[in-house]
Amino acid sequence: MRMLEKMDKNFDPEDIIEEFEMLTKDAEKIQRETLQKILEENGRTEYLQKWGLNGRTDPESFKACVPLVTHKDLETYIHRIADGDASPILTEKPITTISLSSGTTQGKPKFVPFNDELMDSTMQIFETSFAFRNREFPIGNGKALQFIYSSKQFKTKGGLAAGTATTNVYRNLQYKNTMKAMQSPCCSPDEVIFGPDFHQSLYCHLLSGLIYWDEVQVVSSTFAHSIVHSFRTFEQVWEELCTDIREGVLSSRITVPSIRTAMSKLLKPNPELADMIYKKCLGLSNWYGLIPELFPKAKYVYGIMTGSMEPYLKKLRHYAGELPLLSADYGSSEGWIGANVNPKLPPEQVTFAVLPNIGYFEFIPLRENVEVQKPDEIESSLLSMEAKPLGLTEVKIGEEYEIIFTNFAGLYRYRLGDVVKVVGFHNSTPELQFVCRSNLLLTINIDKNTEKDLQLSVEAAAKLLAEEKLEVVDFTSLVDLSTDPGHYVIFWEVSGEAGEDLLKECCNCLDQSFVDAGYMSSRKVNTIGALELRVLRRGTFQKILDHYVGQGSAVSQFKTPRCVGPSNNIVLQILGSNVVENYFSTAFN
Ligand code: AMP
């Protein structure tokens, strides 16, 4: 519990930076020590014994004995833990909490072990990036308007607490202490964060933020999607929020008793404030600069804005006006990876410096694998298992890698499924850029398109919409093999009425913007059919979000699935029943 001890003393960002500098000076040494610690703590587990490490703790023996694994390989172990088997399976100290990763692509959340060490590394990452952020964008005493939500929590068969990783974090006392020490306690009462209905919680987050309007220094969420979603909601409910503030009475839409009680403690009749907000809203043009208008003391907007969050940046910039957008750290339910220690970089260029003491990291070089793969060898992943993983300090600038980690919570040589690019070093630890998930999203024959390729294609086509002042609210895709030949289907929710000609043009643009050679050549000879654009009814992605939340995901961790697999029946059904029109691209040239 190193961080808790630190929190009890005074939190000094300069100490945190000093510690980070020290840890990254000789990252290789720290990596060896970290691996040694993990293996010493867990050498007697069933899992490590199975691989015959026999007490060895050096990287060479570790890599020679223990195989690379995916979540699927560990599922039986994790399920035994969740079912109550308290023997040392993956860790010697029993796992008492399970995190649910968002599992947006597969359609169902995955179980991963969570423990105190993961909590420690969460705090270490938060504190590290905060310390660097605070150097560039200092904040005084104030509050944070945080759009954070807990997911449903439940007990596993074996009685372990299970919930999303963010929920496990928000519930933790250490988190609250850290937020306080960072001078940014959340505006909203706990009852709102932990409320059972996220629509009601969102409304109350907005209301709490408005009540503390002149104390809000930071507007944040885990992922940028949630911030955009919140202000889109604000556009719908702002008058009701003003009425609540004017009269000091909470809207009848809030029905959860605990939330009503907590909010009524904050809410007092305040007609001046209501008038001010009302005037501000009327004065805005198309809600541009809404965030600084409502919260004039806000210093920045903060959340993960990279990867699958990039498509929301345009809208977020619109709401944020001149306020800087600061992108948050890189991690997953399985464990953290790196902190953003260059907060001034725009979200598109953000890098993550790997913290060498929170796990043992390896990197599978990617480029050569992609090139050597023959079309008939293509699996669902861009990678082949043959490539020799490199150590943290062996990676090269400009290269892309799949990231693998070993952590204190029982994951050994775990393939997270993310592709990263090394863009520099901080001392001797690499600075990574997130590239995409390693799974191919769209592939029919020799074509290989990732989430990033899809995003670029959608961005190109959305420019045509922007000329008509329309935007893509959200998007997803699938591969339709029910036609011969198979074809790509892209689903769009558009912010308003787009004419037929415009949508046809967008459909062609989507098709032409996949620049992958495999796709282009297959389209030319028609071994992949015309691309189909299906336009969805407004509110469809809200229904998809509701569906994920209903099955235990947290809004804070929600990522729209960018490709819907054939097993994801419910999402397929939601999409299918909300298509209002569809278009096919014309011949490919
Ligand atoms: P989950 O554990 O379900 O919340 O999802 C973790 C995944 O979210 C990671 O494996 C990444 O693919 C993605 N992710 C997390 N942090 C970032 C980030 N800073 N930038 C881009 N993608 C991220």
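Visitor: How many Å apart do the C-alpha centres of domain 1 and domain 2 lie?

Guide: This is a predicted model. Its chain is divided into three parts: domain 1 comprises 13-93 + 343-368 + 393-439, domain 2 is 138-323 and domain 3 is 451-584. Between the C-alpha centres of domain 1 and domain 2, the separation is 33 Å.

Visitor: What area do domain 1 and domain 2 bury between them?

Guide: The two domains meet through 10 residues of domain 1 and 10 residues of domain 2. Carbon and sulfur atoms account for 63% of the buried area, and the area itself is about 760 Å².

Visitor: Which three residues supply 55% of the area that domain 1 buries against domain 2?

Guide: By class, the side of domain 1 that touches domain 2 has 7 nonpolar, 1 polar and 2 charged residues. The trio in question contributes more than any other three residues of domain 1: Ala82, Pro347 and Glu348.

Visitor: With which residue does Glu348 form a salt bridge?

Guide: The count between domain 1 and domain 2 is 1 salt bridge, alongside 3 residue pairs in polar contact. For Glu348, the closest N and O atoms of the pair are 3.1 Å apart, within the 4 Å limit for a salt bridge. The partner of Glu348 is Arg317.

Visitor: Which residue stands opposite Glu431 in β16?

Guide: An open sheet of 8 strands runs in the order β9-β10-β11-β16-β15-β14-β12-β13, with antiparallel pairing. Its edge strands are β9 (330-332) and β13 (390-391). Within this sheet, β11 (residues 352-354) pairs with β16 (residues 429-437) over 2 bridges. Opposite Glu431 stands Ala353.

Technical notes:
Residues are numbered from 1 along each chain as its sequence is written. This is a predicted model: local features need pLDDT of at least 70, side-chain atom pairs count only at pLDDT 80 or more; totals for chains, interfaces and linings use all residues. Side-chain values use heavy atoms; hydrogens and water are left out. Two strands pair if DSSP finds at least two bridges between them. Helices (H or I, at least four residues) and strands (E, at least two) are DSSP runs, numbered from the N terminus. Domain bounds come from an automatic or database domain assignment. Contact means heavy atoms within 4.5 Å. Buried area is the accessible area (1.4 Å probe) that two parts lose on being put together, summed over both. A salt bridge is a side-chain nitrogen of Lys or Arg within 4 Å of a carboxyl oxygen of Asp or Glu. A polar contact is a pair of N or O atoms within 3.5 Å; within protein, one must be able to donate a hydrogen and the other to accept it, and residues adjacent in sequence count only if both atoms are side-chain atoms. Ala, Val, Leu, Ile, Met, Phe, Trp, Tyr, Cys and Pro count as nonpolar, Asp, Glu, Lys and Arg as charged, and the others, Gly among them, as polar.
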